[in-house]
Amino acid sequence: MPDIIEAGDLKKTYGPTIAVDGICFTVRKGEIFGFLGPNGAGKTTTMKMITCVSPRTSGTLRVLGMDPETNPAEIKQRLGVVPQETNLDPDFTCFGNLFYYSRYFDIPKEAAAKRADELLEFVQLKEKRDVAVDKLSGGMKRRLILARALVNNPDLLILDEPTIGLDPQARHLIWEKLRSLQAQGNTIVMSTHYLDEAARLCDRLVIMDNGKILVEGTPEELVRQHAGHEIVEVETSDDVIACLVDLKIPFEKTGDMLQIVAPTDTAREVARTVLDRCRPGRMITRPATLEDVFLKLTGRGLRE
Ligand code: ATP
């Protein structure tokens with residue numbers, strides 16, 4: 001089966017800025033594929049090239065088997081897009097936002113109205129059908145944007161930070177909806193800064209930085225390959241640092257804690273040794289996460 005998206009040496013520059021620096025990736029049919037990376041990594045720019053909003057500078061890109069430069073209209077007909085910004089039409093109600101959006105897809109009025117009502121139900125906004133969008137909470141607006149992206153029954157959904165700024169309940173609802181769309185056969189590409197979200201939802205993901213893809217894989221693979229299995233964290237002090245150096249246990253300083261990466265089978269032993277010999281103020285042992293991978297690969301320094 002052909003891949004849904006294929007990018008080869010894809011590049012985008014804005015004047016002297018290299019936003020996307022020769023990336024290669026493929027998105028397979030039916031998967032949830034994630035783009036992770038610090039601010040300015042090039043995620044949105046990549047999504048804009050996929051959604052035919054911004055032309056590439058060089059390289060190859062095929063979306064649903066077509067080139068965004070030669071077949072943008074055909075691709076857009078089969079895409080659903082959730083942009084990073086909340087760009088609903090303030091002059092319309094929830095229903096109106098969905099109904100009038102259908103015009104871009106030449107959906108007959110009756111079918112469009114039916115679809116709008118179905119989608120309001122799908123994102124649990126039926127009671128808000130006739131409410132103006134400026135009366136909605138942030139979570140409701142994001143759900144309505146998701147519904148709008150589904151108006152044309154797309155094969156491929158592109159979501160740029162779909163749960164940005166939402167409370168845990170609203171995020172969980174969006175996750176549930178994305179999973180159910182995947183179960184219906186949709187392919188989903190999303191960016192997120194929430195690493196727990198990426199770990200839960202994405203079948204495969206890439207971590208980008210400075211326009212390049214640093215790593216690609218399933219969340220489990222990436223954790224196994226780049227973060228070890230268990231993390232022992234101890235409160236930092238000069239004595240503890242001296243003790244770890246003495247014990248020849250490698251560690252990394254992360255704020256007020258020291259991190260020791262340990263394989264699962266030796267983590268307990270390492271933790272016991274550190275506790276007995278170094279007597280740290282606080283110590284926790286926890287499984288390694290995607291966040292550990294992310295920080296290891298992209299560093300702890302602030303971006304932008
Ligand atoms: P964020 O997590 O903040 O959304 P991102 O990974 O989506 O970041 P992009 O928005 O793709 O990053 O930006 C990548 C780089 O390209 C940044 O250096 C950004 O300043 C630059 N850039 C993006 N859009 C433009 C533009 N229209 N004109 C000039 N530079 C741009």
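Start with a question: is Cys94 buried or exposed? Cys94 is buried, at a relative accessible area of 0%. Buried here means under 20% relative accessible area, exposed means over 50%, and partly exposed is in between, with a 1.4 Å probe and protein chains only.

Some ground rules. This is a predicted model, so local features need pLDDT of at least 70 and side-chain atom pairs count only at pLDDT 80 or more, while totals for chains, interfaces and linings use all residues. Residues are numbered from 1 along each chain as its sequence is written, and side-chain values use heavy atoms, with hydrogens and water left out.

Now helix α3, residues 94–101. Helices are DSSP runs of H or I, at least four residues, and strands are runs of E, at least two, numbered from the N terminus. Six of the eight residues of α3 are buried, so the rest of the structure largely encloses this helix. The buried ones are Cys94, Phe95, Gly96, Asn97, Leu98 and Phe99. What covers them? The cover over the buried residues of α3 includes α4 (109–122) and α5 (138–149).

Look at the start of α3. There, a side-chain oxygen of Thr93 comes within 3.4 Å of the backbone nitrogen of Phe95.

Stay on Phe95. Phe95 is buried, with a relative accessible area of 13%. Contact means heavy atoms within 4.5 Å. Leaving aside residues up to four places away in sequence, Phe95 touches Ala113, Ala116, Asp117, Leu120, Arg129 and Asp130. Leu144 sits 49 residues from Phe95 along the chain, and their C-alpha atoms are 9.3 Å apart.

Next, disulfides. A disulfide is a covalent bond between the sulfur atoms of two cysteines. The rule here is a pair of cysteine sulfur atoms within 2.5 Å. How many disulfides does that rule give? The count is one.

Cys243 is joined to Cys278, S to S 2.0 Å. The torsion about their S-S bond is about -75°, so this disulfide is left-handed. Cys243 lies in helix α9 (residues 238–247) and Cys278 in helix α10 (residues 264–278), so the pair ties together parts that are 35 residues apart in sequence. Both ends are buried: Cys243 at 14% relative accessibility, Cys278 at a relative accessible area of 8%.

Last one, Cys52. Cys52 is in no disulfide, and the nearest cysteine sulfur, that of Cys24, is 19 Å away. Cys52 is buried too, with a relative accessible area of 14%.

Technical notes: A polar contact is a pair of N or O atoms within 3.5 Å; within protein, one must be able to donate a hydrogen and the other to accept it, and residues adjacent in sequence count only if both atoms are side-chain atoms.
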